[in-house]
Amino acid sequence: MWDFDVVVIGGGLLGCFAARNLCRRKLHIALLEAREDVCTGISRANTAIVYPGYDHKPGTLKAEMTVRANAGFDALCRELDVPFSRCGSLMVSYGEKADTVLKKKYENGLSMGVPGLRLLSGEEARKMEPVLAEGVTSALYAPTAGTVNPWKLGIAACENAAANGAELCLNTRVLGIRKTAEGYRIETDRETFSCRAVVNCAGLAADRVQELLFPTPVHIAPDAADYLILDRAAANKPTHIVQYEPEDGGKGLSVVPTLEGSLLLGPSERENEVDFAVSEEGLSFVCERAALVLPGLNLQDTIRSFASVRPNPQNVDGSSIGSFVIEHPGPAFWSLIGVKTPGLTCADELGRYVADRLAAELGAEENPAFDPHRTGIRRVRDLPLSQRAALVRENPDYGEILCHCEDVSKAEVLEAIRRGAVSVDGVKRRVGAGMGRCQGSRCERAVMELLAEALGVPVTAVRKDGPGSEILEGSHGKD
Amino acid sequence: MERTELLIIGAGAAGISAACAAWDADCMDVVLTDRLPYPGGILPQCLHEGFGLSAFGKELTGPAYAERLAERLTCTGVRFLPGREVLAVTKERTAVLSGSGGLEEIRFERLILATGSRERTVGSLALAGTRPAGMFTAGQAQEMINLHHWQLGDRIVILGSGDLGMILARRFTLEGKQVLAVLEQEAHFGGLARNYHRCIEAHHIPIRYRCTVREIHGMPRITGVTVEDLDSGERELLPCDTLVTAIGLVPERELIRGLEEAPWLSLAGNCSRVHDLADSAAAEGAKIGGQVGKQLVK
């Protein structure tokens, strides 16, 4: 017998959604994550755009999935109780050459049935988005583009999978995979799991995880990118996602009005970096591009900068692969390798795709008990005052505000911890404490005390994010 | 809904002084509120001396100064509502307060904002490098050390030589930690001369002028910073386990965004402009409180 029917390796967006969709079948699922929390790798840092789908080659899986995923995104976010803003996007161009590129994308989008696309003149675009630069010559408007908080979506999917019976195994790093007569044995740094099937969603390590048992024709060449975040109070913020298509065909820029009210600018692009470190050149690139497209922005309003890492899939000869790589190297073994943009948009679609095929392979029945609904953490900030007052009467902790920038109460922080946050950043990802303009300098201490109390550890053991990131006492005794 | 003639938001040096002055001007209906559970604002975490020379004629520590202010407050009939976050101020002259006792809506005739300032953070500098544990703002570090007796690190770099940066450099030194350098981008220290003499000079703390931090190193914990000499452009790696930023204060006025011109609104203390001394913030509070109190009595 097996411990589990399916072991999903990797608790990023893809792994969380694979687990969630596998729960639609009568299958016993384990979700393995090497770190102490889910969505702490690629999923925690990216452009946060739900793409409309005009960018991909018609007829490809990527194109089909993106258009379908976009259409279903409101319903998905309703089910998972995750905020989603369909703010629309304007891809703007400067000059004839770039205008032609937009026209191609427009026609591409039309042929795939991307709804509502319109080609606008520079003037029309500025009417819709008055903060756009004078020099913009045309724009492709996509009303269906939107933005979602990537880690909130992933955490929601994980919570929903767990509520439907999936077992989340954190701090569990896969070291080896062996084929057995009945399935697979997965060796980790904690215990060994036997299972009938494996779904490999190990993100930056997905190629190496597959190689533990099967050869892989695909390798990941990570690249890094830099982003800036401007304060919600910044002047001249656009209300649409603004993407810039440069005339010289070089790297553009995306500007996203986030659900938190801040403005996200990026990414720059660099090669072969995996340490999530920001580069000076990358940031200057972002600033330069931003000044071209949205000249009214004041970059002095920056509250944070960060770097992301993307898992570029490459062939063995080093040529890059444009499509999603979905490997099926052995029976009941599936790998998602090097899924980057639009991986956030397609996370649920990809999870469903793999789950459907795996279920067919295993002959798994539908799970009539599957409940797709999850309830998010109640945010006092989003409630009308009367409801907020009622909540405080019910639980006084909702009245005690810890994060002054983002208006987060003690009760919300405690709920984040109850749901699995084990670090200051884990709390931040779940309820936003520390995401605002003071970047946690006023609430971190209170959050640390609540974490220490809830986890039953001294405050010196409280971490920022992961082992070795203890906030106090410097490197004392930890070297 | 509660009503009051005068609402004062923020019970630091400026807010308490404003409340007392308004009361002394015979305004009998004053509400003073603060998010902290005690009066004094930032003062209780300022263990150093240097407060109260002009107000009380002698040099006091922050907590002693706060205590004197609080004593004066208790001699008045000002209603003090501690432990309340003001969620919003509306143009209809209401404020919504949130505390563990519930939500309160207060209607006021006049409002004095005395919300102080907040610190600029390392995030706003958009530095290159990693985002590790071990980075604090000066005020945050001061609160952790002085009010909670937490130990932050052993080898400290402080960016910024304003008063807070210099006072903290001494604090770390007195705690037995090594302050490797106080970095200052200007050619002169930023704070008061008396703080330079008492904190930096007296404790032989290295201060480096025309220098700044360009890059953060280390993950998951900070292991060093790249320091740039702004004149020569030369860069060097300075290993450390803690970075404290004392890079300036920003007046905290988010609550009145869009209401700045309202005739019923006055600002006092650091939310109006950043003062060098708590005494001068208090004096401004007293002046504004007295004026507003008189106008309300008429």
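The structure is a predicted model, in which local features need pLDDT of at least 70, side-chain atom pairs count only at pLDDT 80 or more, and totals for chains, interfaces and linings use all residues. Residues are numbered from 1 along each chain as its sequence is written, while chains are lettered from A and ligands numbered from 1 in the order in which they are written.

The C-alpha trace of chain A spans about 65 × 55 × 45 Å along its principal axes. Of the 479 residues, 56% count as buried; a residue is buried if 20 or more other C-beta atoms lie within 10 Å of its own, exposed if 12 or fewer, and partly exposed in between, with C-beta atoms placed from the backbone. Among contacts in chain A (C-beta atoms, placed from the backbone, within 7 Å) between residues at least 6 apart in sequence, 72% join residues at least 24 apart.

Turning to the interface, 44 residues of chain A are in contact with 39 residues of chain B. On the side of chain A that touches chain B, α8 (280-293), β18 (302-315), α10 (385-394) and α13 (444-455) of chain A each supply at least two residues. The residues of this side divide into 17 nonpolar, 13 polar and 14 charged; here Ala, Val, Leu, Ile, Met, Phe, Trp, Tyr, Cys and Pro count as nonpolar, Asp, Glu, Lys and Arg as charged, and the others, Gly among them, as polar.

Among the buried residues are B:Q140, B:Q142 and B:E143. Just after α4(B), B:H149 takes a positive phi of about 60°.

Helix α6 (residues 193-201) of chain B makes a friendly contrast to look at. In α6(B), B:N195, B:C199 and B:I200 are buried. They cover an arc of only 80° around the axis (from the directions from the helix axis to the C-beta atoms), which puts them on the same side of α6(B). On the other side of α6(B), B:A193, B:R194 and B:H197 are exposed. The buried residues of α6(B) pack against α5, β13 (178-184) and β14 (207-209) of chain B.

Back in chain A, five of the five residues of strand β15 (residues 253-257) are buried, so β15(A) is largely enclosed by the rest of the structure. In a regular strand the side chains alternate between the two faces of the sheet. In β15(A), A:L253, A:V255 and A:P257 point one way and A:S254 and A:V256 the other. Strands pair if DSSP finds at least two bridges between them. Strand β14 (residues 241-245) of chain A runs antiparallel to β15(A) and is joined to it by three bridges, with A:V255 as the bridge partner of A:V242. Strand β16 (residues 263-266) of chain A pairs with β15(A) in the antiparallel sense over four bridges, and here A:V255 stands opposite A:L265. β15(A) and β16(A) form a hairpin with five residues between them, and A:G261 in the turn has a positive phi of about 95°.

Elsewhere in chain A, A:N46 is found in the loop between β2 (29-32) and β3. A:N46 is buried, with 22 other C-beta atoms within 10 Å. Leaving aside neighbours within four places in sequence, A:N46 is in contact with A:P150, A:S308 and A:L344.

Note on methods: Contact = placed C-beta atoms within 7 Å.
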